[in-house]
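I opened my notebook today to look up how one chain folds. Come along and check each entry against the picture.

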Amino acid sequence: MEQTYVMFKPDCVERGLVGRILSRFEEKGLRLVAMKMLRVTPAMAKVHYAEHVEKPFYKGLEEFITASPVVATVFAGPEVIRVVREMLGATSGLKAAAGTIRGDYSASRQMNLVHASDSPESAAREIPIYFRPEEILNWDPSLACWYQAPGEA
Ligand code: CMP
């Protein structure tokens, strides 16, 4: 089953929105398979955001992402990478459509509350930065049969 790395950023933790936003993913029927709270170090930030390190906004991004704890998670499900990205909306909360998570709760380009992998390659690169293989649980919710028909998963 496809997996995606979803990180509730420091603004989300500081604003007390983790539970509310996590609920949206749970209510959608996405399967939570790993979760922990941690502080992102500058070294981890440089690995996670390697493609942005040379960009003008990187210094501010690193200060932001290391400023307070984050909640790191992995969700699993069919097409889960695309589904989570669509639930988040556009990168900037100022541009994200109403009804998306960023559209409803963020008014910032940088403080956009939640990060999610944008491709299978990104997910495969990002998940091991935060989780050891044994921290990702392989489990089947009892109600899975009421979220998807046989053969859909
Ligand atoms: P994320 O999806 O985690 O990926 C890269 C992050 O960099 C992004 O969310 C924002 O938090 C931040 N970001 C992207 N573009 C900008 C920008 N133009 N100015 C400041 N921060 C940005």
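Predicted model: local features only at pLDDT ≥ 70, side-chain atom pairs only at ≥ 80, totals over all residues.

**Entry 1: strand S1 and its neighbours.** I followed strand S1 (residues 3-8) to strand S3 (residues 70-76), and counted six bridges in the antiparallel sense. I picked out two of the partners in S3: Gln3 has Ala76 as its bridge partner, and Tyr5 has Val74. Then I turned to S4, which pairs with S1 over three bridges, again in the antiparallel sense. There, Val6 stands opposite Ala116.

Is S1 largely enclosed or open to the outside? Five of its six residues are buried, so S1 is largely enclosed by the rest of the structure. Buried here means under 20% relative accessible area.

**Entry 2: salt bridges.** How many salt bridges does a search of the whole structure find? It finds nine. I looked at some of them one by one.

My opening pair was Arg24 and Asp104, whose closest N and O atoms are 3.3 Å apart. Arg24 lies in helix H2 and Asp104 in helix H6 (residues 101-105), so this pair ties together parts that are 80 residues apart in sequence. Asp104 has 39% relative accessibility, so I put it down as partly exposed.

My next pair was Lys46 and Glu62, whose side chains meet in a salt bridge at 3.0 Å, N to O. Lys46 is in helix H3 (residues 42-48) and Glu62 in helix H4 (residues 58-65), so I read this as a link between distant parts of the chain, 16 residues apart. Are the two partners buried or exposed? Lys46 counts as partly exposed at 40% relative accessibility, whereas Glu62 counts as buried at 15%.

Then I stayed inside helix H4. Glu63 forms a salt bridge with Lys59, and their closest N and O atoms are 3.1 Å apart. Both residues lie in H4, four residues apart, which is about one turn of the helix. Glu63 is partly exposed, with a relative accessible area of 47%. Lys59 counts as exposed at 60% relative accessibility, and the cut-off I used for exposed is over 50%.

**Entry 3: a network.** Last, I checked which residues are linked in a network of salt bridges. I found Lys36, Arg132, Glu134 and Glu135 linked in this way.

Technical notes
Residues numbered from 1 in each chain as written. Heavy atoms only, no water. Pairing = 2+ DSSP bridges. Salt bridge = Lys/Arg side-chain N within 4 Å of Asp/Glu carboxyl O. Buried < 20%, exposed > 50% of the residue type's maximum accessible area, 1.4 Å probe, protein only.
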